[in-house]
Amino acid sequence: MPHRAPGAPERSRQNYLSGKPIRYYRPRGSADIRHLIDEGFQAFNAARLGEACRIFADKMLLPEHDTTIALTIAGAMTPAGLGGCVVEMMERGLIDFVISTGANLYHDLHYALNFTLHRGSPFVNDVELYEEGVIRIYDVLFPAKVLLETDAYIRDFLVRSGLDGPLSTAELHYALGRDLMERQPGCEQYSVVAAAAAAGVPIYTSSPGDSSIGMNLAYHELMNGARLMIDPNKDVNEVCAIILAGKKNGCVILGGGSPKNFYLQGQPTLWEVYGIPKGGNDYFIQITTDQVVWGGLSGATPAEAVSWGKVNPGVLPDTVVTYIDSTVAFPLFCEYAVGAPTGRRERKQLMHKRDALVASLLEQARSARREHPEPEEPLETMPDLERHR
Ligand SMILES: NC(=O)c1ccc[n+]([C@@H]2O[C@H](COP(=O)([O-])OP(=O)(O)OC[C@H]3O[C@@H](n4cnc5c(N)ncnc54)[C@H](O)[C@@H]3O)[C@@H](O)[C@H]2O)c1
């Protein structure tokens, strides 16, 4: 029986969608959880999680540090109900911008549109699921109809919005969030995309074609002759401009994947491409199951990031990687942050400042170029650039 655990009871066909609905969990700042993390998590990855919580609450959130904080999201977090943690953190001004896989934003729309995802078992017969039109993300189960109706909503929104020409993903997601709030009043309480629009938090996607949102954008171009398209250059420059404007910069990385690099490459874009040395990130927290030994970006440590100018070499004590499933660690991390004395900040409203920030990036990049014009001799002869090749 390859589809179920040895000894697990076989489930009848009609039971697949009978599990409890998955709801967005909202952290409330539990004093017990803070106590557990401070006093009970004393070694190994529990201690690393405690360190991450304290770096975030006691340093990154300190008003005098005024850290610009990014959250990067990869792995099936919204299907698992963790969108509520992101909503709470954005509402409280604890996250200033988000870089997510498209999958997490797409699956967030199901909650906004009041569709139900169910708790289930990973030990099921996938052929039977296929025959019954049930979709599975490990142990999260929902009817295929949810996909089809969410897709139809996205296509209707694209037509209705009149969006045209090149856009950054932040602009697209903002328009989507506004539309959701208009059509499903109150949904900003249980949708990351809507809550971000309400809180002025820009959401970027590092690979816009890699999700059902991207699939429906492609449909819009092919079938409707629309000229709306995502311009990744805008995303790169907006993220870079936001980082440049930060007094201090810090990130919370869930999983790894392309959102991790899309955030971290902001610092090298500044020094390597625009000639503006910002000095690297001041804080770096990663919650992941990815390992360093395979050499991939997802598992790369903050120390490795120092060599790229992504992390400030002087701040390694303010960086931490905790090797835990994010579905366990992130809600605990958020409970700790929400319950901290620093657990609310004024929102930066970066969504509405992007144009000004990009203008400032342009000005500083031009002045850096004037001070250090393009070299005329071949790059190989320049020892300081050679170091970073
Ligand atoms: N319909 C869509 O738009 C669409 C597109 C792609 C993926 N999906 C679904 O969405 C889910 C999420 O896909 P994704 O693109 O966000 O990335 P992913 O699931 O491929 O994960 C990317 C990264 O996160 C890490 N990671 C994953 N789960 C983790 C966990 N629980 N704890 C810690 N680290 C973890 C991985 O090791 C990897 O570095 C997939 O499981 C898939 O079922 C849907």
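In the predicted model, an oxygen atom of the ligand lies 2.7 Å from an N or O atom in the side chain of Thr 101, which is a polar contact in the sense used here (a pair of N or O atoms within 3.5 Å; within protein, one must be able to donate a hydrogen and the other to accept it, and residues adjacent in sequence count only if both atoms are side-chain atoms). An oxygen atom of the ligand is also 3.4 Å from an N or O atom in the side chain of Asn 104, while a nitrogen atom of the ligand has a polar side-chain atom of Asp 325 at 2.8 Å. Taken alone, the ligand exposes 830 Å², of which the protein buries 68%; these areas come from the Shrake-Rupley method with a 1.4 Å probe, and for residues only the protein chains shown count as cover.

Because the structure is a predicted model, local features need pLDDT of at least 70 and side-chain atom pairs count only at pLDDT 80 or more, whereas totals for chains, interfaces and linings use all residues. Residues are numbered from 1 along each chain as its sequence is written, and side-chain values use heavy atoms, with hydrogens and water left out.

The shell around the ligand holds 21 residues, and those that come nearest are Thr 101, Ser 212, Asp 290, Asp 325 and Ser 326; a residue is counted as near a molecule or strand if one of its heavy atoms lies within 4 Å of it. Helix H4 (residues 102–112) gives the most to this shell, with four residues, where helices (H or I, at least four residues) and strands (E, at least two) are DSSP runs numbered from the N terminus. By class, the shell has six nonpolar, 13 polar and two charged residues, with Ala, Val, Leu, Ile, Met, Phe, Trp, Tyr, Cys and Pro counted as nonpolar, Asp, Glu, Lys and Arg as charged, and the others, Gly among them, as polar.

Empty space was examined next. Rolling a probe the size of a water molecule over the atoms shows where empty space is left. On a 1 Å grid over the protein atoms alone, a cavity is a set of points where a 1.4 Å probe fits but cannot get out, a pocket is an open set with protein on both sides within 12 Å along at least five of seven lines, and lining residues have an atom within 4 Å of a point. Grid points are joined across faces, edges and corners, and a volume is the space filled by probe spheres set on the points. The structure holds four cavities of 30 Å³ or more, and the largest cavity contains about 60 Å³ of space. Its lining includes Gly 102, Leu 105, Thr 169, His 173 and Ile 230, and the elements that give two or more residues to this lining are H4, helix H7 (169–183) and helix H9 (212–224). The lining of the largest cavity divides into six nonpolar, six polar and no charged residues.

The second largest cavity holds about 50 Å³, and among the residues that line the second largest cavity are Ala 170, His 173, Tyr 174, Ala 196 and Met 351. H7 and helix H8 (192–199) each supply at least two residues of this lining, which divides into nine nonpolar, one polar and no charged residues. About 270 Å³ of space lies in the second largest pocket; of the 17 residues that line this pocket, the closest to its centre are Ala 76, Met 77, Ala 80, Asp 325 and Thr 327. The lining of the second largest pocket comprises eight nonpolar, six polar and three charged residues.

Individual residues were then considered. Val 87, which lies in helix H3 (residues 83–91), is buried, with a relative accessible area of 0%, where buried means under 20% relative accessible area, exposed over 50%, and partly exposed in between (1.4 Å probe, protein chains only). The C-alpha atoms of Val 87 and Ala 196 are separated by 7.5 Å, although the two residues are 109 residues apart along the chain. Ser 307, by contrast, lies in helix H13 (residues 302–307) and is partly exposed, with a relative accessible area of 48%. A polar atom of the side chain of Ser 307 lies 2.7 Å from the backbone oxygen of Glu 304.
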